[in-house]
Amino acid sequence: MSVQDLTNAIISGINAGGEQFLEGTLAAALPIIWLAILGLHLGRPYILDMIDRFTLRLGADLLWLVYIALRDLLIVSGVVMSFMFFFPDVVTTDELPLTGALAAAALFGVLLVKLMGDPDTNLRDFQLVSGLLALGAALYFIPYVVGVQGNAITVGTMATISSFLVTNSNPNWAVGIGYVATALFAIMGAVATVYVLRTGGRAEVEETTSTRKGA
Amino acid sequence: MKPDDIATAITQALIQGGSQWLVSTIVAFIPALWTMTLMLHLGRPYVLRTLRRCGLRLGADVWWMSYLLMRDAVLLITFALGWIFFSPNIVANAALPITGPLATLCLLLALAVKLARRVDDDATAYRVATVFLVLGATLYYGPQVFAIEATSQAYLSGFGQIFTSNTNVTAALVIMWISLAGVAIVAGWLFVRLMISANRSMARRIASRQTQPPTREPAVTVP
């Protein structure tokens with residue numbers, strides 16, 4: 001083996017190891033992000049209850065704004081970090097939850113409802129957001145716990161199910177689900193873009209119907 | 001192989017491998033930044049709705065200021081990191097999306113719209129910036145997902161061959177130079193605009209100072 005061969009071997013080791021370390025760190029952080037998102041969403045009544053106890057309007061405003069900023073930034077971070085589920089090479093190489101891409105699509109759906117609706121005042125929108133979060137969490141945590149974290153201890157039928165739920169032991173399904181989620185993302189992204197183009201960045205769509213004079 | 005040879009190999013590997021790892025980390029980070037940029041830009045109606053609910057002006061100001069700072073800083077950082085697509089050596093040797101330079105040009109055009117027009121007051125300017133951002137994101141995501149990150153998929157190999165910079169070097173470099181020319185034109189236009197605007201505002205200030213009567217010194221009264 002020449003010096004150049006050794007150099008090349010170390011370079012590819014550093015690159016491959018670094019990439020897998022980065023993806024592994026993201027994969028390890030995602031369950032924490034999901035739990036924090038769920039905790040903050042489910043903790044809404046507690047925050048509202050606390051806001052009622054404030055004697056100063058400034059404190060109440062700041063608490064509400066910090067809560068909303070934290071909650072929504074975590075959802076945005078969750079979507080951004082889930083981007084690796086859309087890369088076929090990553091899902092076929094790494095051990096990831098099989099339906100992680102669909103969970104990311106559900107999280108993006110939450111953002112779309114927040115953009116087009118008003119889940120903080122409208123009950124229907126709030127229920128929709130809660131439903132999408134519950135669906136996303138189920139799609140993430142079931143394959144994560146049963147598949148990624150449980151494939152070493154399961155036996156028999158459970159072992160088959162466990163290996164089915166992990167992306168690198170079920171690459172065809174993983175890539176297919178990734179494409180479905182990519183299509184969902186593209187459709188929802190297009191809907192968000194059209195909505196924003198219609199509103200021109202304002203809080204609501206402009207009224208196009210004119211009021212009759214003297215009505 | 002002597003110990004010195006191994007030391008040389010490790011040193012070279014750390015230098016070359018470290019630089020390649022840095023480039024690949026930046027490339028891996030750009031999709032995340034593009035997504036953040038898009039979400040923060042498209043999320044403006046939601047931020048405005050939340051703003052309306054603030055009872056006090058202070059809370060509303062803090063909220064709006066944080067949103068603006070984050071949105072525009074992410075946009076600028078994405079453009080800065082996107083500069084990697086304008087390095088000919090990296091474009092020719094690393095696997096990058098072939099339309100990455102065009103995406104970065106679109107990002108600069110969105111920034112230019114923000115600098116030239118009041119995007120937060122003018123709905124048309126906001127729409128133009130949105131179109132540039134969505135176009136740029138599409139040009140970036142398409143080759144990134146279906147070419148760079150899909151080398152394991154045999155049926156996408158043709159697409160991958162065309163849209164990966166180091167397997168289609170000639171086209172990649174042509175796209176890069178055209179985009180770089182576009183960046184130079186936009187940056188030049190921004191520079192000229194800035195100079196004209198600065199000259200105008202400073203000349204106005206100097207003129208108003210010259211037309212004002214000189215202020216008299218207050219008379220000192222001796223008791």
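What percentage of the 223 residues of chain B count as buried? In the predicted model described here, the share of chain B that counts as buried is 36%. The corresponding figure for chain A is 34% of its 215 residues. The prediction as a whole carries an ipTM of 0.76 and a pTM of 0.82. Within chain B, the average pLDDT is 87, and 95% of the residues reach a score of at least 70.

The secondary structure of chain A consists of 8 helices and 0 strands. Read along the sequence, the elements of chain A follow the pattern α-α-α-α-α-α-α-α. The radius of gyration of chain A is 22 Å, whereas a compact globule of 215 residues would have a value near 17 Å. Along the principal axes, the C-alpha trace of chain A spans about 90 × 45 × 40 Å. Among the contacts in chain A with a separation of 6 or more, 68% involve residues 24 or more positions apart.

Chain B likewise was examined for its elements and its overall form. Its secondary structure comprises 8 helices and 0 strands, and from the N terminus on these elements run α-α-α-α-α-α-α-α. The radius of gyration of chain B is 25 Å, well over the 17 Å that the globule rule gives for 223 residues, so chain B is more spread out than a compact globule. A box of roughly 100 × 50 × 35 Å, taken along the principal axes, is filled by the C-alpha atoms of chain B. Of the contacts in chain B between residues at least 6 apart in sequence, 70% join residues at least 24 apart.

A bend of about 25 degrees occurs in α1(A) at Ala29(A), and the proline Pro31(A) follows within four residues. The buried residues of α1(A) are Thr7(A), Ile11(A), Leu26(A), Ala27(A), Leu30(A), Ile33(A), Trp34(A) and Ile37(A). The cover over these buried residues includes elements from both chains: α3 (57-81) and α6 (123-148) of chain A, together with α1 of chain B.

The contact between the two chains takes 42 residues from chain A and 47 residues from chain B. On the side of chain B that touches chain A, the elements giving two or more residues are α1 (3-42), α2 (44-52), α3 (57-81) and α6 (123-148) of chain B. The largest share of that side, 20 residues, comes from α1(B). By residue class, the side of chain B that touches chain A divides into 25 nonpolar, 16 polar and 6 charged residues.

One residue of helix α1 of chain B, Leu22(B), was also examined individually. Leu22(B) counts as exposed because it has 12 C-beta neighbours inside 10 Å, and a residue is exposed if 12 or fewer such atoms lie within that distance. In sequence, Leu22(B) and Ala7(B) are 15 residues apart, and their C-alpha atoms are 22 Å apart in space.

How values were computed. Residues are numbered from 1 along each chain as its sequence is written. Chains are lettered from A and ligands numbered from 1 in the order in which they are written. This is a predicted model: local features need pLDDT of at least 70, side-chain atom pairs count only at pLDDT 80 or more; totals for chains, interfaces and linings use all residues. The radius of gyration is taken over C-alpha atoms; the globule rule is 2.2 Å times the number of residues to the power 0.38. A residue is buried if 20 or more other C-beta atoms lie within 10 Å of its own, exposed if 12 or fewer, and partly exposed in between; C-beta atoms are placed from the backbone. Two residues are in contact if their C-beta atoms, placed from the backbone, lie within 7 Å. Ala, Val, Leu, Ile, Met, Phe, Trp, Tyr, Cys and Pro count as nonpolar, Asp, Glu, Lys and Arg as charged, and the others, Gly among them, as polar. pLDDT is the predictor's confidence in each residue, from 0 to 100. The bend at a residue is the angle between axes fitted to the seven residues ending there and the seven starting there.
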